[in-house]
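Here are a few notes to read alongside the structure. Have it open as you go through them.

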Amino acid sequence: SRLHRIFNSNTLKVSYSCTRSMASLIKGHNTALLKTRPQDAPCNCRAKNSCPLNGKCRATDVVYQATVSAADSTKTYIGMTATEFKTRFANHKTSMRYDRYASSTELAKYAQELRRTDVDFSIKWEIKERARSYSSTSKRCNLCTAEAFHILSAKKTTSLNKRSEMVARCPHQWKFSLANAVT
């Protein structure tokens, strides 16, 4: 045939790809959007007026900001937790109180430094964003991505976070590794 000279096994290469169809992409996106997030447990602080997040301390999968106000300066620290914020808050309090944990976070280092120089300070906590942690199906951690975004968008002069935190590996992936499989 006339077209055989143009379309033959030497001139035409056929490839096959197993990519998802547009319908399955849209269906997956809509399912993720419509999936209701489980309600956070109610605050169980002993003194309700001392809750660090005004009754939202049991929230999970959050990116939070700690604003440290001292007499002469205000610094911010961005962090994240996949567990309840209250657990992470307790870890921060421990690292700020005891010298042996002072190097655990930049917030702890700064608080210890202020404490050593007898500078009074206060810390205000707030939730910046909620995002899902690592998913083995998407191979993506939206929580780590959200934290990185907030750290990069913060002012360099007032941020306690280091830019080297951007290259750290996702701490949520280990749950899905084969080495941690329960047998």
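1. Start with the largest nonpolar core, which has 18 residues. Tyr77, Phe85, Met96, Leu107 and Trp125 are the ones that touch the most other members. Strand S1 (62-70), helix H2 (85-97) and helix H3 (106-116) each put at least two residues into this core. Bear in mind that you're looking at a predicted model.

2. Leaving aside residues up to four places away in sequence, Leu107 touches Ala66, Val68, Tyr77, His92, Met96, Trp125 and Leu160.

3. As background, nonpolar side chains in soluble globular proteins tend to be buried together.

4. Now for the overall fold. The chain has four helices and three strands, and their order along the sequence is α-β-β-α-α-β-α. If you take contacts between residues at least 6 apart in sequence, 56% of them join residues at least 24 apart.

5. How does the radius of gyration of the chain sit against that of a compact globule of 183 residues? The chain has 24 Å, while such a globule would be near 16 Å. The C-alpha trace spans about 90 × 35 × 35 Å along its principal axes, and 31% of the 183 residues are buried.

6. Last, the surface and the charges. The accessible surface is about 13,200 Å², with 54% of that belonging to carbon and sulfur atoms. I count 32 positive side chains and 13 negative ones, and the centres of the two sets are 14 Å apart.

Note on methods:
Residues are numbered from 1 along each chain as its sequence is written. This is a predicted model: local features need pLDDT of at least 70, side-chain atom pairs count only at pLDDT 80 or more; totals for chains, interfaces and linings use all residues. Side-chain values use heavy atoms; hydrogens and water are left out. The radius of gyration is taken over C-alpha atoms; the globule rule is 2.2 Å times the number of residues to the power 0.38. Buried means under 20% relative accessible area, exposed over 50%, partly exposed in between (1.4 Å probe, protein chains only). Contact means heavy atoms within 4.5 Å. Accessible areas come from the Shrake-Rupley method with a 1.4 Å probe; for residues, only the protein chains shown count as cover. Lys and Arg count as positive and Asp and Glu as negative; His and the chain ends are not counted. The place of a charge is taken as NZ of Lys, CZ of Arg, CG of Asp or CD of Glu. A nonpolar core is a set of buried Ala, Val, Leu, Ile, Met, Phe, Trp, Tyr and Cys residues joined through side-chain atoms within 4.5 Å.
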